[in-house]
Amino acid sequence: MEQNALDNITVSTEEVLGPPKVDAVGFFLISLLALVTGFIVWIIVFLLAYVFLGNFSLQTGASPIILAMIAVFGTTIGNIILTYGLCNIFPHIFRGSKTLYIQVTLFSVVLYICMSFVYFVIDTLPFEPGAILGVYVAHIIFDVFWVVLITGLLSIYRYSLLVFYASLASLIFSALIPVFAFSELTTSTNTLFIFMAFSALVFFVTTSVAYGILALYYRLYTTSGYDPLGNTFSRIIEEERELEKTAEKELFQ
């Protein structure tokens with residue numbers, strides 16, 4: 001039986017002990033995949049919104065509940081595609097893909113349950129028609145942010161702080177998209193459609209910023225050997241063990 005070329009990839013000792021290897025090629029591939037994934041999610045939401053909502057006019061009272069169901073379906077498909085890409089582009093980092101798929105899918109369901117209450121509030125209270133757009137875009141932003149964070153924490157746990165900082169920076173940058181969009185656009189018949197397109201960029205921006213930071217950190221490590229965030233939690237555990245040993249000696253004395 002023919003072997004997959006990815007199965008032959010070996011990881012050096014430096015790569016095992018050092019930060020996750022994210023080079024320029026890997027960064028380009030994952031950014032391209034995130035862009036394609038974002039457009040796939042956009043197309044899914046576009047088609048389903050047209051079928052169930054009829055058009056993209058806010059004045060027609062687009063149902064927040066239906067939009068929530070459309071959003072969770074589109075983002076779940078996008079999350080699975082993104083996770084699959086991570087496992088194949090960075091096979092030396094993301095192992096145990098079955099666990100990743102389960103956790104990513106479970107998270108999509110949990111996020112939908114939490115966000116459905118927000119959609120329900122928007123549906124029942126007399127908010128402005130544009131409020132639904134803010135909730136929808138926030139749904140997309142938090143979804144991609146947590147997917148990047150969860151997959152990183154499960155696979156790069158030795159560098160959990162690095163993953164957290166990179167994910168937090170990506171969240172801030174992706175949140176700027178709707179902020180600028182809301183300030184520039186007015187409520188029109190095409191606003192909902194335009195914001196669906198903007199939300200597709202969230203996949204690209206969030207993933208690119210997060211893995212861009214990982215790539216820069218790896219570059220810093222390979223050029224200078226400086227690794228301030230390396231295995232932080234292991235050092236904390238070692239310090240705790242030393243304190244326990246000292247306390248035990250004093251206790252027995």
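Tutor: Start with the lining of the largest cavity: helix 5, helix 6 and helix 7 each supply at least two of its residues. Helices here are DSSP runs (H or I, at least four residues), numbered from the N terminus. The model is predicted, so local features need pLDDT of at least 70, side-chain atom pairs count only at pLDDT 80 or more, and totals for chains, interfaces and linings use all residues. Residues are numbered from 1 along each chain as its sequence is written, and side-chain values use heavy atoms, with hydrogens and water left out.

Student: What makes a space a cavity?

Tutor: On a 1 Å grid over the protein atoms alone, a cavity is a set of points where a 1.4 Å probe fits but cannot get out. Lining residues have an atom within 4 Å of a point. The count is 1 cavity of 30 Å³ or more. The volume of the largest cavity is about 50 Å³; a volume is the space filled by probe spheres set on the points, which are joined across faces, edges and corners.

Student: Which residues line the largest cavity?

Tutor: Val-148, Gly-152, Val-163, Ala-166, Ser-167, Ala-210, Tyr-211 and Leu-214. They divide into 6 nonpolar, 2 polar and no charged. Ala, Val, Leu, Ile, Met, Phe, Trp, Tyr, Cys and Pro count as nonpolar, Asp, Glu, Lys and Arg as charged, and the others, Gly among them, as polar.

Student: Why is Tyr-211 called buried?

Tutor: Buried means under 20% relative accessible area, exposed over 50%, partly exposed in between (1.4 Å probe, protein chains only). Tyr-211 has 3%, so Tyr-211 is buried. Phe-90, at 1%, is buried too.

Student: Why is the pair of Phe-90 and Tyr-211 called stacked?

Tutor: Take another pair first. Phe-39 and Trp-42 both lie in helix 2, 3 residues apart. Rings of Phe, Tyr and Trp (its six-membered ring) pair if their centres lie within 6.5 Å; planes under 30 degrees apart count as stacked, over 60 as edge-to-face and the rest as tilted. Phe-90 and Tyr-211 have 5.8 Å centre to centre and 5° between the planes, and that pair is stacked. Phe-90 lies in the loop between helix 3 and helix 4 and Tyr-211 in helix 7, so the pair ties together parts 121 residues apart in sequence.

Student: Why does Phe-39 count as partly exposed?

Tutor: Its relative accessible area is 40%, so Phe-39 is partly exposed.

Terms used: 1 Å grid on protein atoms, 1.4 Å probe; cavity = no way out; pocket = protein on both sides within 12 Å on 5 of 7 lines; lining within 4 Å.
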